[in-house]
Amino acid sequence: RMFHDDELEESEKFYVGQPRVLLLIYALYNTLVARSEMVCYFVIILNHMVSASMITLVLPILIFLWAMLSVPRPSKRFWMTAIVYTEVTIVIKYFFQFGFFPWNKYVDYTKDKPYHPPNIIGIEKKEGYVHYDLVQLLALFFHRSILKCHGLWDEDEKGDSSSNKEDTDDELSLTGGRRDSSASLKSVNLAASVESIHVHFPEQQTAIRRKSSSSISLKTLSISRSAILFFSASYSVVKSHCGLCCFRTLQVYVPIRQFFYNLIHPDYSAVTDVYVLMFLADTVDFIIIVFGFWAFGKHSAAADITSSLSEDQVPEAFLVMVLIQFGTMVVDRALYLKKTVMGKVIFQVILVFGIHFWMFFILPGVTERKFSHNTVAQLWYFVKCVYFGLSAYQIRCGYPTRVLGNFLTKSYNYVNLFLFQGFRLVPFLTELRAVMDWVWTDTTLSLSSWICVEDIYAHIFILKCWRESEKRYPQPRGQKKKKVVKYGMGGMIIVLLICIVWFPLLFMSLIKSVAGITNKPLDVSITITLGGYQPIFTMSAQQSQLKDLNQTGFNAFLGSYRGNTAALQFLEGYGKEDITLADLEGNSNSLWTISPPSREKMIQGLLDFSAEFTVVLSWSIQRTLETVYPYYIKAPSDSLAKPIKQLLPGMYCRWENITVSLVKNVSDEGVREWWVLNQLGKRYKTSEESLELFIFSDKVSPPSLGFLAGYGIMGLYASVVLVIGKFVREFFSGISHSIMFEELPNVDRILKLCTDIFLVRETGELELEEDLYAKLIFLYRSPETMIKWTREKT
């Protein structure tokens, strides 16, 4: 062997022979070393999430608008800026921890106020004020040591020195801030060496020149360079004639402008496509907003989106956040289709400043709590930071020159098949994507033709996946289907259909019997009114007057109805914990304050035997009210309480009898009257005048399943069984009409034709796009041609 070293070989053998736990630690350490800059970014963002102050806001913005946009990696100047800034932050925070500052005397009163100036700046007094800053400083020094170990720490100083020599006349050089191609390739290889820890320099490496997003021509580029040279000459004049303030401003403005110009118009760049990951990050943020919208509004910490929507109320915080999130997703899709790096840079700058200003200055005032105390907002911000990092990576590498099809159609397996079909099932997502693609893509097709091509492509892709699965798992000719396939697929479909049909009954039965919660009454009130006059009796029972049955009393209660089939059938659905005994006092809790004219009319009505009064009542005679009082009442899950006829005695469901007496008390204060009621057939005999009432409380569904149980059995059947049944019926019926387009043995030619349409559209061959589309339409209009095109390859 050409390169053989006994020590290296022995070292490799020693390394392989180590325990797996130690090897795992080695691997984690190597991963940490290879991605040490990502560790620094994570710690900086975490520190800002915990502190949420202006003093920690600077570094996250610099990360997204400087470090992650630097090619090929952040410069030494950035890391020195981060290190020095962190050290200064630690010193400032330590200095303001002393108690002689006025705001440190009332820490307990001001610590939760989001707009308290020390809290906004980040100089408030608190425990552990510098822990995360020290961890951040440790991570930065760790990354610095890694760069120094691989010789990358002082690398950009050479480029700076060379550029300084060219700028001796104080002229702005267009190429002073960038290395030549060989130096750039060397930097790329050194960047790879950080990950693999093996430095190698290839003899020659081709670099793909990225097409400018604005399609700038060479003539336009030369004009831009001339403009920059003109600006540099003007810059030297301004420097010599203007004051020091203008000179310092230009010293800051010119490098920033040059940085973004080089970013938008790079000489060489390896294009990439991370739009899918950015879309997934936005989707996660969208889900966080939907299920945690209360964290972005005022006085809505205990709110629930389902309850708010059920009451026809749309929370303002939920609406604003959803619209903003959805709007950014649409703009991001437009920039991706137009492939404009300049627009993406502008959108990145606006979004970074806008999100940070809103999250750390506006949101705390809206929610009236600090950002560090809002867990949902912290999670949303962290996912948004992931999106910012992906966006910066997309800007640095550039958009792909061609966008062909859906990202789920890159391979033909079951995973892509089911994910693609799930993507198409999301309401309005397929339609919205198709319309946006048509709006922001150069094409000669009309919207209907565009949607036709998209539908054909989706259909052909699904068929291609099924054909590939048939090739992977072939079925020999003349052989019957295996029982595993028949009972596996067929049995699963049978069970699924049965579950769909009987789901509402099983759900409504089990949700209350198994997972039901006992809903005991809190108040039982009785009011008796005769003939529409002033109520003669009002009484309520609460707390100690509402008694639970013990097991002995419950067994005796069941025994009293032995032989009564209807009553026992009703009682099967209730346990002793569902029954409440209400003991109401017989004396009315309010005086009878009827007016004299009404009193006279009531007396005349009671004395009139032809009236609808069922009793005859006088001032001094106690009468009996028959079949009036319901002894047993059912309290269902709705608001209507009903008497239980199965437990009422007699053939005609005669109710309990009660006695009504009017008591008059004459004293020096005047005459006072009230009514006294007494139940005759009480189960628990008491000497005092009182009323007994048994309440049977139906179990209610748990709060987590209330949104389903609230529809009832018929609602679930209408919304679940009928809707799903409609889709199932479409799958089993009308198959004969789609045989021509479904039973295609080989779809490769049609799939290639659709791909060719996408390809010529991206390359700008719009006339050829029309010809290929006409060919596709003719193919679907001609069954004979379709048969020829879909034959198996020989």
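K113 is located in the loop that joins α6 (107-110) to α7 (117-121); helices (H or I, at least four residues) are DSSP runs numbered from the N terminus. The model is predicted, so local features need pLDDT of at least 70 and side-chain atom pairs count only at pLDDT 80 or more, while totals for chains, interfaces and linings use all residues. Residues are numbered from 1 along each chain as its sequence is written, and side-chain values use heavy atoms, with hydrogens and water left out.

**Surroundings of K113**

- K113 has a relative accessible area of 34% and is partly exposed, a class between buried (under 20%) and exposed (over 50%), found with a 1.4 Å probe on protein chains only.
- Leaving aside residues up to four places away in sequence, K113 touches N119 and K370; contact means heavy atoms within 4.5 Å.
- Between K113 and K370 there are 257 residues of separation in sequence, yet their C-alpha atoms are 6.9 Å apart in space.

**Nonpolar cores**

- The largest nonpolar core holds 70 residues, and those touching the most other members are F64, W79, F296, M359, F360, W380 and Y381. Such a core is a set of buried Ala, Val, Leu, Ile, Met, Phe, Trp, Tyr and Cys residues joined through side-chain atoms within 4.5 Å.
- Helix α17 (residues 375-397) gives the most to this core, with 11 residues.
- Because domain 1 (11-150) and domain 2 (262-403) both give residues to this core, it lies between them; the domain bounds come from an automatic or database domain assignment.
- Another core, of 23 residues, lies apart from this one and includes I536, L584, W592 and V660.
- Among the contacts of F64, not counting residues up to four places away in sequence, are I45, L69, Q348, H356 and F388.

**Largest cavity**

- Seven cavities of 30 Å³ or more are found in a search of the whole structure. On a 1 Å grid over the protein atoms alone, a cavity is a set of points where a 1.4 Å probe fits but cannot get out, and lining residues have an atom within 4 Å of a point.
- The largest cavity contains about 150 Å³ of space, a volume being the space filled by probe spheres set on the points.
- Its lining has 15 residues, with A52, P114, N119, I120 and F360 nearest the centre.
- Two or more lining residues come from each of α7 and α16 (341-367), and α16 gives the most, with three.
- Domain 1 (11-150) and domain 2 (262-403) each supply at least three residues to this lining.

Methods: On a 1 Å grid over the protein atoms alone, a cavity is a set of points where a 1.4 Å probe fits but cannot get out, and a pocket is an open set with protein on both sides within 12 Å along at least five of seven lines; lining residues have an atom within 4 Å of a point.
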